[in-house]
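Here is a short note for someone opening this model for the first time. Please keep the structure in view while reading.

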Amino acid sequence: MRLLAAGSAVALFVLLRLTTPAPAVAVGGLVGLLLAAVAIAAHWRWLATAAGCVFLTGYAAALWVESAPVNIVPALGFGLALFFLLESLDLACCVRGAAIDGGVVQSALRRWIVLGAGAFVAAMLAMALATLFATALPAGASPLLAAAGALGSVWVLAVMIRRAHTGAERT
Amino acid sequence: MTGRVTPFVLSLMAIAAWAVSLGVLSARPELFAVALPTLLALATLARRAPRPDHSIAREISSNRLFEGGAVTVTVTVAARSPIALIELLGPLPPGSAVLAGRHRAVMTLGAGRTTRWSYEVRLPRRGVHDLGTIAVRVRDRFGLRTWENRHVDPMPLRVYPRVVALRSLPRPVHAQASVGDYVSPALGEGIEPGDIRQFAPGDRIKQVNWRASLRLGQLYVTQRHRERNADIVLMLDTLAEVGAPPETTLDLGVRAAASLATAYLGRKDRVGLISYGGVMNWVRPGSGRVQYERLVDVLLKAEVVFTYVAKDLLRVPPRVLWPQALVIAITPLLDPRFTKAVLDLAARGFDLVVLVVSPVEVTRAALASSPAGDLACRLWTLERRTTLGELRRHGLPVLEWRPPEPLEAALVSARRRRVRLASAG
């Protein structure tokens, strides 16, 4: 599991380097890699989250520096690598010092493949919808809409988590 | 079963929120795509997850063993609904060590699937341990929700103190009425020849001493000494202990008591026990295998319970502390209250032997070697020599057992001393 987490961290760094060769972004990636390495070695989940945030910031900076045309596929890969880093470390913490059934790793890999495929389909659908609505929406309102959408999605997530928490407690 | 959302959700939430925020700030749609897998995983929380349905059964290879023995715990998990990940934390009594396997297991189970997991535990310390509690945590597909509960099904495991075979045992002064291994001064049925007397009507022909009869010209019969048993009361000091488990003075005292009880019961004696400490327990003298179980029951639970109260032996019923019983006091002599109780028994005329478990050697074994520690131990030894000398001046037979030397070595000196005392008396 820790190998999978390490592989994901390396993939994040490589994707960052492929996005832009700028040295400042590379330094940010190295910092993220270092944090991820410490998190994997010490089984610290919070540090892995911090590493994820650093990688994300680096990726945003890389996109901003390059100003390249929109390409969803590498971004999706980056998002998947980020998710795999966090989940594999979470699993590594869970199985630490335990007798592991062979099905655990297989099940995780199967789950990730399904998630990857689902994310790809969802991204394609989202892009198609965005292309459809882009012409209809006024250009000046788009930042406001994006901010409202972001806020709305975070709020929906928070409500879902709260409901899931109370639902789980009831069971 | 208690369910809750895991901290992993917060972690994913932080990443998703940060990606979306950066996406809005930098006006790059790729960052929304980065957040997509995380958001999709979080979206699974919207689905009301069914409570995982499973059953757990466990068994242990043996429910009784001696100190240092090992037991195999086997846990069988059967899933009635699919379980993405189940974590099981098997019982591990304090002080025990896992010899083979792990006492924690993580597995994935399909609906209707059953799996077994086992591990071996070594239990170095006596006591009654419960191996019936298993902590279970079930995670959902992405580890966002967990359900926790404890499967409790009491499964006691009795770890008996190690027993050594003893050949030299302190001999009691008084014999009792039942048949045993001690040659009684009283004459009657037995094997050991005692005296001869003139034949009387009712004597059996096989009792006739032909040699004496021929020499003296009259029929003489051989009288024999009766073989009788004795009452032994083991008095265990549970007021104080030193050393590191499982080699504290109390653990060693318990082993000595169990060994003495086994040896005396093997000689058909009646053995009783008094656990003298913060909490007093006693077992009235008895014989046989069942009595051994009764004695061990008290010995397994023997522990130091701190108290300021000096316990009076008058509270012990006379049927437990029989005046003609041999009392063997097993003590490290750390608490003056026990010394006082021993002197009290001696003053009341009890046949008494004091078996002192030397705390100096036990403490030395528990401490790292240092010049200051060695000096302290030497000074302590001198001080204890004075205490033991004082007990001996009261006429008490004091046997000092210095572990790791065998208990037999300490008991041999008792046999010699008591034979000499008996012949003097």
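1. Leaving aside its neighbours within four places in sequence, with which residues is L85(A) in contact? The partners are A5(A), S8(A), A9(A), L12(A), A36(A), A48(A) and G52(A). Contact means C-beta atoms, placed from the backbone, within 7 Å.

2. This is a predicted model: local features need pLDDT of at least 70, side-chain atom pairs count only at pLDDT 80 or more, and totals for chains, interfaces and linings use all residues. Residues are numbered from 1 along each chain as its sequence is written, while chains are lettered from A and ligands numbered from 1 in the order in which they are written.

3. L85(A) also belongs to the largest nonpolar core, which has 152 residues. Such a core joins buried Ala, Val, Leu, Ile, Met, Phe, Trp, Tyr and Cys residues through C-beta atoms within 7 Å. Buried means 20 or more other C-beta atoms within 10 Å of the residue's own. L85(A), L234(B), A257(B), I328(B) and L355(B) touch the most other members. Helix α4 (residues 72–95) of chain A gives the largest share, 16 residues. Helices are DSSP runs of H or I, at least four residues; strands are runs of E, at least two; both are numbered from the N terminus.

4. Chains A and B each bring 56 residues to their contact. On the chain B side, α1(B) supplies the largest share, 17 residues.

5. Strand β1 (residues 99–100) of chain A pairs with β7(B) in the parallel sense over 2 bridges. Pairing requires at least two DSSP bridges. I100(A) has V106(B) as its bridge partner.

Key: Two residues are in contact if their C-beta atoms, placed from the backbone, lie within 7 Å. A residue is buried if 20 or more other C-beta atoms lie within 10 Å of its own, exposed if 12 or fewer, and partly exposed in between; C-beta atoms are placed from the backbone.
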